[in-house]
Amino acid sequence: MIDMENYFKKSELLPAIIQEKDTGEVLMLAYMNRESLKKTLETGYTWFYSRSRQELWNKGATSGHVQKVVDIKGDCDEDTLLVTVIQTGAACHTGAHSCFFRELWEEEKK
């Protein structure tokens, strides 16, 4: 088991990329602090830190669109997490399955 404290040396907040287990689709990006990471590890469901509200939030607590954690990996620089989940319902607050649904650019097909 990796010492998670190493991940908080650069910042009090870690970007957490949330990826769906079955499809590999990136669902969202959120931030975790020590407390939300601890709660995630304890409960097996994602908890994040809201930078705008400055409080913890449990994904799906009000909507029922929960994220069951399958695994958590850290990147090579020890400053970002990849959280693989089983998603129930939509991951995005807009109702979209993924937060990444706005196409900005795509290479032209030949």
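1. A polar contact here is a pair of N or O atoms within 3.5 Å; within protein, one must be able to donate a hydrogen and the other to accept it, and residues adjacent in sequence count only if both atoms are side-chain atoms. Asn33 gives one: its side chain reaches the backbone nitrogen of Glu35 at 3.2 Å.

2. Some ground rules: this is a predicted model, where local features need pLDDT of at least 70, side-chain atom pairs count only at pLDDT 80 or more, and totals for chains, interfaces and linings use all residues. Residues are numbered from 1 along each chain as its sequence is written, and side-chain values use heavy atoms, with hydrogens and water left out.

3. Back to Asn33, which sits in the loop between E2 and helix H1 (34–43). Asn33 counts as buried because its relative accessibility is 15% (buried is under 20% relative accessible area, exposed over 50%, partly exposed in between; 1.4 Å probe, protein chains only). Beyond its neighbours within four places in sequence, Asn33 is in contact with Phe8, Glu12, Leu13, Tyr49 and Leu56 (contact means heavy atoms within 4.5 Å).

4. Leu29 belongs to strand E2 (residues 26–32). With 42% relative accessibility, Leu29 counts as partly exposed.

5. Now the hairpin. Strands E5 (residues 67–74) and E6 (residues 81–87) pair in the antiparallel sense over seven bridges (pairing takes at least two DSSP bridges between two strands). Asp71 has Thr84 in E6 as its bridge partner. Six residues lie between E5 and E6, and Glu78 in the turn has a positive phi of about 55 degrees.

Conventions. Helix = DSSP H or I, 4+ residues; strand = E, 2+ residues; numbered from the N terminus.
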